[in-house]
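Biologist: Before we start, could you take me through this structure step by step, as I am new to it?

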Amino acid sequence: MTLSSTTKQGFTTYQLKILAVVTMTLDHIYSYLGGSLPIPFWFGLLGRLAAPLFLFCVAKGVYYTHDRAAYCRRLYIAAVLMGLGNWLVNHYLTIPHGVTIENHIFSTLFYTVYFLSVLEWLRDRRKDRDTPLQAAALLVLPFLLAAAEHYLPDGWIQTLAGIVVPSPFDVEGGFLWVLAGIGIYYTMEKRSSLALFYLAVCGLFFAGEVSYGFTLKNLFTENYQWFMIIALPFMLQYNEQKGRSSKWFFYLYYPAHIYVLAALAVLLK
């Protein structure tokens, strides 16, 4: 890694994760309880920090981990378990104001790590004649499996298959978020490249959202994913330090806080 700043000034991975967790929680409070309580709209705005920071931390994790397969496996298990949890809660719990649990960042992070792992494996073994074909098969496999699921009988079988093998296009945020994570990984070595890439991604969101109206109401209370731009300064101040260990905290906190907020929304209706 050739970043010039490797001192302890700036933000560690742990600090960025905590910032992401706090802003994510504010966003979900707004999403689940905003219909019952006077939650300020800026909770949702600050929540735009969360997903980009998690993607950034995951990209750094792929770079620094000694076992990409284990990292990928942890995220896959978390994605499947939360997929099952979301299915059960949505089936048995009626959340007011038409809210359903669609939050599932584990699947987005899993595919980010999965595709990066394959691409890095390809780069590490590029001199092996068989590697490109094997890598291509691994890159295409998730899409083929997702397409095959449409031929399964409707109902719980198809739903369960979608949980066990989530479609890359159906992850939270869509495949664009997976591509954003991959792009962050391949530009993060140089701050200027990271900034240009991330600004371009924010620009895409802004262009799409401004099409609904170039108004303060639209851009700050209805379609405001472009506000993720505020995450960039924090990424640029990363100091290449891990900080405190928090491997399991997010795996547990993420589903727990969502299900607690969903239960509170039901109690407050």
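**Cysteines, core and salt bridges**

Modeller: Let us begin with cysteine 202, whose sulfur has its closest cysteine sulfur in cysteine 57, at 16 Å, which is too far for a bond. Please keep in mind throughout that this is a predicted model.

Biologist: How many disulfides does a search of the whole structure find?

Modeller: A disulfide needs two cysteine sulfur atoms within 2.5 Å, and the sulfur of cysteine 202 is 16 Å from the closest one, so that pair is too far apart for a bond. When the whole structure is searched, the number of disulfides found is 0. Cysteine 72 likewise takes part in none, and the cysteine sulfur nearest to its own lies 17 Å away, in cysteine 57.

Biologist: Is cysteine 202 buried or exposed?

Modeller: The term buried applies under 20% relative accessible area. Cysteine 202 has a relative accessibility of 4%, and therefore counts as buried. Cysteine 72, at 11%, also counts as buried.

Biologist: Which residues have the most contacts inside the largest nonpolar core?

Modeller: This core has 72 residues, and its largest share, 10 residues, is supplied by helix 5, which covers residues 105-124. Leaving aside residues up to four places away in sequence, phenylalanine 106 touches Leu75, Ala78, Ala79, Met82, Phe250, Tyr251, Tyr254 and Pro255. The residues with the most contacts inside the core are Phe106 and Phe250.

Biologist: Which side chain does arginine 48 meet in a salt bridge, at 2.6 Å from N to O?

Modeller: The structure holds 6 salt bridges, and in one of them arginine 48 is joined at 2.6 Å, N to O, to the side chain of aspartate 27. Arginine 48 sits in the loop between helix 2 and helix 3 (50-64), while its partner belongs to helix 1, so the pair ties together parts 21 residues apart in sequence.

Biologist: Which residues are linked with Glu120 in a network of salt bridges?

Modeller: Glutamate 120 meets arginine 68 in a salt bridge at 4.0 Å, N to O; since arginine 68 lies in helix 4 (residues 68-92) and glutamate 120 in helix 5, this pair ties together parts 52 residues apart in sequence. Glutamate 120 also meets arginine 123, at 2.7 Å, N to O, and these two both lie in helix 5, 3 residues apart, or about one turn of the helix. Glutamate 120 is buried, at a relative accessible area of 3%, whereas arginine 68 is partly exposed at 25% and arginine 123 is partly exposed at 43%. The residues linked with Glu120 in the network are Arg68, Arg123 and Asp124.

Biologist: What is the accessible area of the nonpolar surface patch that includes Leu37?

Modeller: Leucine 37 is located in the loop between helix 1 (13-33) and helix 2 (42-46). A residue can belong to a patch if its relative accessible area is over 30%, and leucine 37 is partly exposed at 33%. With Val260, Leu264, Leu267 and Leu268, Leu37 forms a nonpolar patch on the surface, whose accessible area together is about 450 Å².

Definitions and conventions:
Residues are numbered from 1 along each chain as its sequence is written. This is a predicted model: local features need pLDDT of at least 70, side-chain atom pairs count only at pLDDT 80 or more; totals for chains, interfaces and linings use all residues. Side-chain values use heavy atoms; hydrogens and water are left out. Patches are made of residues with over 30% relative accessible area and no salt bridge: like charges are joined within 9 Å, nonpolar side chains (Val, Leu, Ile, Met, Phe, Trp, Tyr) within 5 Å. Accessible areas come from the Shrake-Rupley method with a 1.4 Å probe; for residues, only the protein chains shown count as cover. Helices (H or I, at least four residues) and strands (E, at least two) are DSSP runs, numbered from the N terminus. Buried means under 20% relative accessible area, exposed over 50%, partly exposed in between (1.4 Å probe, protein chains only). A nonpolar core is a set of buried Ala, Val, Leu, Ile, Met, Phe, Trp, Tyr and Cys residues joined through side-chain atoms within 4.5 Å. Contact means heavy atoms within 4.5 Å.
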